[in-house]
Amino acid sequence: MTKPFILREYIFITIFWLVFAAAVYINLQATSDKVSSVFQTIALVISSFFLTRFLTTRLLPKALRLKKMKLFLIHVTVSILLLSFIYSLIFTYIEINSKNQLPAKFTDQLPFLWQGFYLALPASFLINGSTCGIKFYQEHGRIERDHILLQQAHLENQLKLLQDQINPHVVFNILNHIHILMRNDTQLADYLLLKFSDILRYQLYHCNQNLVPLNKDIEHLQNLVEVEKLRWGNELEVQSDWKAVNTASFIAPLLLVPFIENAFKYVCRLPGHKGYVRISCAEKDGFLLFFIENSYSDVAGYKKKEGASGIGLQNVKKRLKLQYSGIHDLKIETENNVYKVNLTLKLSDTDEQ
């Protein structure tokens, strides 16, 4: 991206100075002979190029970086006066001298120098103003691009931080489940270890990407739900419906994990009450339709625990705001000891975001 931009900039500068040289030559040729016009054109273009180049490549970027535009205006004024004086010298000692109209004494030449200086002021102002305006536009565009790149880097760091908060949390929960089961049911613990291997493999090899295939992420969620079902056994009713998904669709990895975790973590566990978790996930016309519902009890203090966790819903909301701004709809409802999450978001059809 940078190299083509620099190449276009140099091409534009070359064309600008060629057009300037042609305009000066055509203007001088109307009143001077060809040889004088060529010499004046070369002298004017060279002096204008080096003076304005120093002004626009050294002084202007420095003034923008240090925010000293008042000082730069002084530099511009000095440059206009200096360039006008150079134009005056060129006009006097090439144009007038070629016509043998220049007096021999220097004091007699001063009126010609003053006249040339006065007449050159508008041209000097125009060339300095044009080059500074063009360079200011280019520098402003460069600053905007750098700002966008910084914003993108900041966004990626935020997403990585949020995602890294989930990975150890999930691993900790699964290992804790296996540790408990190894005391009572080694065969089930062995099966859970295999599931844990699949979960860990997904997190290690897929979650470093901005987007992952939807079917892979759904498979990861299914493994998590299976672990929870095996852990709770008959104490919990779990219903899940995973519709066929488009393998060409992509989603941010681990985005839905907190919903699964919270549902099983805060489901009603009161004696005599069999809690339940219902999950529905489907892809339709490029949109993900995700719904999860679980029973809970006021005694369990669902809201209080969730607010103190620091990882759950706040994490998801931040990621949705960063990655799916304007293309998602999240509804969370709590009514009659039932907690519902309904999420709709537009899926990507490419693995780049």
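Of the 353 residues in the protein, 40% are buried; a residue is called buried under 20% relative accessible area, exposed over 50%, and partly exposed in between, with a 1.4 Å probe and protein chains only. The model is predicted, so local features need pLDDT of at least 70 and side-chain atom pairs count only at pLDDT 80 or more, whereas totals for chains, interfaces and linings use all residues. Residues are numbered from 1 along each chain as its sequence is written, and side-chain values use heavy atoms, with hydrogens and water left out.

**The whole protein**

Display the complete chain as a cartoon. The protein has nine helices and seven strands. These are DSSP runs numbered from the N terminus, helices being H or I with at least four residues and strands being E with at least two. Next, switch to a surface view. Among contacts between residues at least 6 apart in sequence, 73% join residues at least 24 apart, where contact means heavy atoms within 4.5 Å.

**First stop: the aromatic rings**

Select F16, W17, F20, F49 and F50, which form one aromatic cluster. The structure holds six aromatic pairs. Rings of Phe, Tyr and Trp (its six-membered ring) pair if their centres lie within 6.5 Å; planes under 30 degrees apart count as stacked, over 60 as edge-to-face, and the rest as tilted. Keep F16 and W17 on the screen. Their ring centres are 5.4 Å apart and their planes stand at 85 degrees, so this pair is edge-to-face. F16 is partly exposed, with a relative accessible area of 22%, whereas W17 is buried, at 11%.

**Second stop: a nonpolar patch**

V38, I42, I46 and F50 make a nonpolar surface patch of about 380 Å². Patches consist of residues with over 30% relative accessible area and no salt bridge; like charges are joined within 9 Å, and nonpolar side chains (Val, Leu, Ile, Met, Phe, Trp, Tyr) within 5 Å. V38 belongs to helix α2 (residues 34-66) and is partly exposed, at 37% relative accessibility.

Move on to K67, in the loop between α2 and α3 (69-98). The phi angle of K67 is near 60 degrees, a positive value in a residue other than glycine. K67 is exposed, with 74% relative accessibility.

Select G116 in helix α4 (residues 106-184). G116 is buried, at 5% relative accessibility. Which residues does G116 contact, leaving aside its neighbours within four places in sequence? They are S88 and F91.

Side chains of opposite charge can pair when their charged atoms come close. A salt bridge is a side-chain nitrogen of Lys or Arg within 4 Å of a carboxyl oxygen of Asp or Glu, and by this rule there are three salt bridges.

- Select D198 and R201, whose side chains meet at 2.9 Å, N to O. They are three residues apart in helix α5 (residues 186-205), separated by about one helical turn. D198 is partly exposed at 34%, and R201 is partly exposed at 43%.
- Select K243 and D241, which form a salt bridge at 3.8 Å, N to O. K243 is partly exposed at 45%, and D241 is partly exposed at 32%.
- Select E293 and R278, whose closest N and O atoms are 3.4 Å apart. This pair links distant parts of the chain, with E293 in strand β5 (residues 287-295) and R278 in strand β4 (residues 275-284), 15 residues apart. E293 is buried at 11%, whereas R278 is partly exposed at 32%.

**Last stop: around R278**

R278 lies over the face of Y276, at 4.1 Å from the ring centre; a charge sits over a ring if NZ of Lys or CZ of Arg is within 6 Å of the ring centre and within 35 degrees of the ring normal. Finally, select D285, in the loop between β4 and β5. The phi angle of D285 is near 55 degrees, a positive value in a residue other than glycine, and D285 is exposed, with 66% relative accessibility.

Technical notes:
Accessible areas come from the Shrake-Rupley method with a 1.4 Å probe; for residues, only the protein chains shown count as cover.
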